[in-house]
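I opened a new notebook page for this one. Below is what I looked up, entry by entry.

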Amino acid sequence: MSLKLIGVLGGAFDPVHCGHIELAKAWQDLASLSKVLFIPSGLAPHKNIVIDNKHRIEMLKLALNPHTNFFIDDREIKKNQSDLKPSYTIETLQSLALEKKEEQAFCFLLGSDAFLKLESWHLWNELFNYCHILVVERRESPIFEEQLTSALKKEWAERLTQNVEDLRTSSHGLIMTKTFEYIDISSSQIRDTIYSNKNLINLLPAGVADYIILHKLYH
């Protein structure tokens, strides 16, 4: 059976920027993802979230509006509002798995920087029980095996594939890497750019840039 692949992109999205959108579009085109879920973090263990959830959600709505197969999934925000505890990716994937249909497989989208730090994540090696991990490599800094810890190198050796069809015939557990041309920018750099009143052209979707100006965010 050929599984439908669903992309999962987590992050603070503080703010969502063109790099996030291009990353999702690149994998959607390459792996024919049926849809991509953008999951804004609630209380993120590794990040300080600067603005209110409502603004992050509204900016995501504006950014995703032109893309018919991109959707917001706010389960981490709702979880944090109810229990005030950090949101861990493993718990989010477990929650998604409870709703998954038999013909679907989740693909967790990551940048290479985040992948190299995967061992710092809560129950990191259990992630493979719920999804494939698709890693974007920057052209100027590909992942080399010598960069990996022994534990991560073991997973890499056992799980790496460059064949999209492998993703469709297994519900979880593989790693795939690709090099894409995409905007290499972080949300913190965007915030610094806004604070410095510098040009945001090509860094933010137009609607998001207008929203930030209208609500005087990040100043």
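**Salt bridges**

I began with charged side chains and found Glu 99 and Arg 75 joined by a salt bridge, 2.9 Å from N to O. My rule for a salt bridge is a side-chain nitrogen of Lys or Arg within 4 Å of a carboxyl oxygen of Asp or Glu. This pair links distant parts of the chain, with Glu 99 in helix 4 and Arg 75 in helix 3, 24 residues apart. I take helices (H or I, at least four residues) and strands (E, at least two) as DSSP runs, numbered from the N terminus.

A note on the source: this is a predicted model, where local features need pLDDT of at least 70 and side-chain atom pairs count only at pLDDT 80 or more, while totals for chains, interfaces and linings use all residues. Residues are numbered from 1 along each chain as its sequence is written, and side-chain values use heavy atoms, with hydrogens and water left out.

How many salt bridges does the rule give? I get a count of 10. One of them is between Glu 58 and Lys 61, whose closest N and O atoms are 3.3 Å apart. Both residues lie in helix 2 (residues 53-64), three residues apart, about one turn of the helix. I jotted down the background here: an α-helix has 3.6 residues a turn, so residues three or four places apart point the same way.

Next I checked accessibility, calling a residue buried under 20% relative accessible area, exposed over 50% and partly exposed in between (1.4 Å probe, protein chains only). Glu 58 is partly exposed at 32%, and Lys 61 is partly exposed at 46%.

Helix 7 (residues 164-168) holds both Arg 168 and Glu 165, three residues apart. They form a salt bridge with the closest N and O atoms 3.4 Å apart. Is Arg 168 buried or exposed? I have Arg 168 as buried because its relative accessibility is 11%. Glu 165 is partly exposed, at 44%. Going back to Arg 75, I noted that salt bridges with shared partners join Asp 73, Arg 75 and Glu 99 into one network. Arg 75 counts as buried, at 17%.

**Helix 4**

Which residues of helix 4 are buried? In helix 4 (residues 89-99) I listed Thr 89, Ile 90, Thr 92, Leu 93 and Leu 96. Seen down the helix axis, these buried residues fall within an arc of 160°, so they line one face of helix 4. I took the arc from the directions that run from the helix axis to the C-beta atoms. The buried residues pack against strand 1, strand 2, helix 3 (75-83) and strand 4 (104-111), and contact here means heavy atoms within 4.5 Å.

**Rings**

I searched the whole structure for aromatic pairs and got five. Rings of Phe, Tyr and Trp (its six-membered ring) pair if their centres lie within 6.5 Å; planes under 30 degrees apart are stacked, over 60 edge-to-face, and the rest tilted. Phe 13 and Phe 38 have ring centres 5.8 Å apart and planes at 45°, so I call the pair tilted. Phe 13 is in the loop between strand 1 (4-11) and helix 1 (18-31) and Phe 38 in strand 2 (residues 35-40), so the pair ties together parts 25 residues apart in sequence. Phe 115 and Trp 156 make another tilted pair, with centres 5.7 Å apart and planes at 50°. Here Phe 115 sits in helix 5 (residues 112-116) and Trp 156 in helix 6, 41 residues apart. Phe 115 is buried at 0%, and Trp 156 is buried at 7%. Ring pairs also link Phe 13, Phe 38 and Phe 70 into a cluster.

The peptide bond from Asp 14 to Pro 15 is cis, with omega near 5°. Pro 15 is in the loop between strand 1 and helix 1.

**Cysteines**

How many disulfides does the structure hold? I found zero, using a cut-off of 2.5 Å between cysteine sulfur atoms. Cys 107 is in no disulfide, and its nearest cysteine sulfur, that of Cys 131, is 8.0 Å away. Cys 107 is buried, at 0%.
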